[in-house]
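Trainee: I would like to go through this entry by question and answer. Please show the sequence and the structure before we start.

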Protein chains: 2
Amino acid sequence: MKNQTLFFPNPVYVKETATIAGPKESEGPLKQYFHHCLNDDLLKQKSHEHAEIKMHIAALNHLLQRAKMKKEDINCCFSGDLLDEIISSNFSMREIDVPFFGLYNACATLGESYILASSLISTGLLDNAICSVSSHFATAERQYRYPLELGSQRTPLSQWTVTAAAATLLTREKSTIKITCGTVGKVTDYGVKDANDMGGVMAPAALSTLKAHLKATNTNTDDYDLILTGDLGFSGGKMLKKLAEKEGIMLEKNYLDCGMLVFNKEGQEVEQGGSGACCCGLVFNSYVYKKMLNGKYKKVLLMPTGALLSKTSSLQGESIPAICHAVCLETEY
Amino acid sequence: MKNQTLFFPNPVYVKETATIAGPKESEGPLKQYFHHCLNDDLLKQKSHEHAEIKMHIAALNHLLQRAKMKKEDINCCFSGDLLDEIISSNFSMREIDVPFFGLYNACATLGESYILASSLISTGLLDNAICSVSSHFATAERQYRYPLELGSQRTPLSQWTVTAAAATLLTREKSTIKITCGTVGKVTDYGVKDANDMGGVMAPAALSTLKAHLKATNTNTDDYDLILTGDLGFSGGKMLKKLAEKEGIMLEKNYLDCGMLVFNKEGQEVEQGGSGACCCGLVFNSYVYKKMLNGKYKKVLLMPTGALLSKTSSLQGESIPAICHAVCLETEY
C-alpha cells in the first residue's frame, strides 16, 4: 500500500452491471440508461424497508440473469446499504445464499466493496464477486432525519436520497472495463453538525482521498476523462472544486458528481441533487458504465463519498465524520 | 475459493492483541487475562455511546503501544461494532487517522475482519492491518431491545452483551500464531423471531460454516485443539452440539463458546452467558491468545457468530437471519 492506495497486481474486470431505479429517479435525465424502472416505491410491500429489500434482491437477480450465471457460480457478495444494521443487505443475502461480507461506509460503501472485492479477485483468492448497494428515500429520511409523515420542510442544503439498487459483477475474466487500483479513505471531520448538509460534510473527505490518489499514482486530474464523486450534490461539488483549486488541483474540465447527474435540478425539487448509498451505484452502473463501453470515457476515477453519522450521534450533538474511497477504472480493448 | 473457504497463500501472523474489559466482565473468570479492566462503564462520558467510542479508541491505542508502533505505521483498519451505522468504529477512526474499511456482520464482525485483513496481507497488498471491534451492554440493550431505564425483565434465553473493546494487529512479519485460512459464512434463517434468543438464531449458521470449513479443509473436529464459537451461549452452544451430532460431527471434547467463558454462570446473572461483537474479541484476544502462546492450544478454529437483526426488522415482525465466519489459527515455532 502506497499513499492509501492498493495497486491490483492483475486487472479485475467489470463483467456486468444491473440497476433498479425508483419512480422519481426514472423521471430524471438518466432514465434511458437504467436497466429497470419502477413506478411505485412501495413495491406492494407493507413497509418501505421491505420494498428496499425487494429492490436489492431484484438487482442481484437481474445481474445474474444479465451475466447468464447462477448464484452457485458466485464466490462472494460484498454488500451494504444505509439501513440500521444494513438489513437490506442481510435480508437480501438470505435469499441469495452466497458467502457474504457485510460492509458499512455509508454512501461510500460501493467504493469500499469495489476495492475489497478487487483485492481478493486480483490476487486469485476469488474468481468473481458481486458488489451491491441499495438506498431508499423513505427509509433513509425516517432513519437519519424525520419520518416523512411529519411533513418537515426541506432545507436549502438538502439532498434527495436516491431510491435504487445496483449490483456489479467483478471477475478475472477479461472484458472491456478493468479496475486497476483503489485508494482507501481516511475519516475526516471538519465539525459540520447539520445532518442536511451532506455535501459540506463530505467534500473535505473527497479532497483528502483525491490528493492521496493523485500522489500515489503520480497522476494529475487531466489524466482522467472523468472524475466522478458519489453524492456531493451541487453545493458539495462546488465546495470540492474550490477546496481542490486552493491546493492547485484543477477540477474544471472533467469533474462530475452522481448527485448532480441523477435528477433534473429544475422541476424535480431535489435542492442540491441526489444522495444515498445507491446514488453512485445507480449512475455509475448505468450511464457512466455505458459511456465507458461506447468509448466516451476511457479512464474514470470513481469516488463514492459517505457521511458516517447516525441518528443517535446527531441527537447527541456530535459533528459528522466522512469518508471517500477512490476506484480507478479504465477501458481495455 | 473452495467450499466458502479462502486459503491464504502466505501465512498472516497475529503480532499483538489488546483488550479493554468492562466492570462486569472484569469480575468474571477471565479477569486475569484482560489487558485493561474498567471499573466504570460510563467512563465519565455523557452517554454510553460516547463511553463505547472511548473504549474502542483506547483499545486501538493500547494495541499500538503494545506493538511499539505508531498509527503512521499501520496500513489499514478493518473495524465494526453493533451500533447503528457502526458509529463506535467511525468515531474511533476519526481519532486514529488510518485508511478505514467499515464492516458489519453483527457479532461475527471480528471473523469477517480477520478474513478480509488476512486476504490483503497474505497476498502482499498490505503489510499489516488492525482489526477492531467493540460492544457495550447499555448501548446494545437500548438499540436492539429496550432502554435499560424501562427495567424490562430478562428472559431465560437472554444473553448479556459484553462491554469491551478489542484490537488485533495482523502482519506478514513472523510471530508465534498464524492465520492459515478462513471460511466465509452464508446467511441462514430458521424462522426464529425472538430477539432475546440469539443462541437459537445463530447455532444453525455456526453449523453451516463448520460443515463448509471441515469439507473445504478435509479435516474433522479432532484435528483442532479448540473449536471456539463467538457468542452462542449455553443454550445455543448445546443446540450447536446437538445439530452437529445429527450430522455426525462430534463437538464433545474440544468445543467452547466465548459467551460461556466470559462470565460466571452462577452469581453473575447473565442467563445464557455473554454475547456481543466484542464477546469473542475479548475472550480470544486475551485468554485464548495467551493459551496459544503458552502452547496449550496449537490449532484453534475461531467461529464468531452474528444475528443480523435491527430493531426495525424486529418491530416489523421479521425473523432473524444469522451468519458465522470461521478463521483457522495455528501456532508456529
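Trainee: Which residues does Asn3(B) touch, not counting residues up to four places away in sequence?

Mentor: The model is a predicted one. Asn3(B) is found in the segment before strand 1 of chain B. Leaving out residues up to four places away in sequence, the residues touched by Asn3(B) are Thr183(B), Ala212(B), Lys215(B) and Ala216(B).

Trainee: Is Asn3(B) buried, partly exposed or exposed?

Mentor: Buried requires under 20% relative accessible area and exposed requires over 50%. The relative accessibility of Asn3(B) is 33%, so Asn3(B) counts as partly exposed.

Trainee: What distance separates the C-alpha atoms of Asn3(B) and Ala205(B)?

Mentor: Along the chain, Asn3(B) and Ala205(B) are 202 residues apart.

Trainee: At what angle do helix 5 and helix 6 of chain B pack?

Mentor: Two packed helices are described by the angle between their axes and the distance between the axes. For helix 5 (residues 198–217) and helix 6 (residues 233–246) of chain B, the axes are 8 Å apart. Helix 5 of chain B passes helix 6 of chain B in a right-handed crossing. The packing angle of helix 5 and helix 6 of chain B is about 35°.

Trainee: How many residues of the contact of helix 5 of chain B with helix 6 of chain B are nonpolar?

Mentor: On the side of helix 5 of chain B, the contact includes Ala203(B), Pro204(B) and Leu207(B). Helix 6 of chain B contributes Gly236(B), Met239(B), Leu240(B), Leu243(B) and Ala244(B). In the contact of these helices, three residues are polar and no residue is charged, while the nonpolar ones number eight.

Trainee: Why is helix 4 of chain B described as largely enclosed by the rest of the structure?

Mentor: The buried residues of helix 4 of chain B include Phe137(B), Glu141(B) and Tyr144(B). Their cover includes helix 1 (48–66), strand 5 (128–135), strand 6 (160–161) and helix 9 (311–315) of chain B. Helix 4 (residues 137–144) of chain B is largely enclosed because its buried residues number seven of the eight.

Trainee: How far apart in sequence are the parts that Lys15(B) and Glu173(B) tie together?

Mentor: The side chains of Lys15(B) and Glu173(B) form a salt bridge, with N to O at 3.3 Å. Lys15(B) lies in strand 1 (residues 5–21) of chain B and Glu173(B) in the loop between strand 7 (164–171) and strand 8 (177–183) of chain B, so the parts tied together are 158 residues apart in sequence.

Trainee: Which residue of chain A meets Asp97(B) in a salt bridge?

Mentor: Asp97(B), at 38% relative accessibility, counts as partly exposed. Its salt bridge has an N to O distance of 3.9 Å. The pair crosses between chains, reaching the loop between strand 8 (177–183) and helix 5 (198–217) of chain A. The partner of Asp97(B) is Lys186(A).

Trainee: How many salt bridges are there over all chains?

Mentor: The count takes a side-chain nitrogen of Lys or Arg within 4 Å of a carboxyl oxygen of Asp or Glu. Glu252(A) and Lys241(A), with closest N and O atoms 4.0 Å apart, form one of them. Over all chains, the count is 34.

Notes
Residues numbered from 1 in each chain as written. Chains lettered and ligands numbered in written order. Predicted model: local features only at pLDDT ≥ 70, side-chain atom pairs only at ≥ 80, totals over all residues. Heavy atoms only, no water. Helix = DSSP H or I, 4+ residues; strand = E, 2+ residues; numbered from the N terminus. Buried < 20%, exposed > 50% of the residue type's maximum accessible area, 1.4 Å probe, protein only. Axes fitted to C-alpha atoms, helices over the stretch in contact; angles between N-to-C directions. Left-handed = near helix turned anticlockwise from the far one by under 90°. Contact = heavy atoms within 4.5 Å. Nonpolar A, V, L, I, M, F, W, Y, C, P; charged D, E, K, R; others polar.
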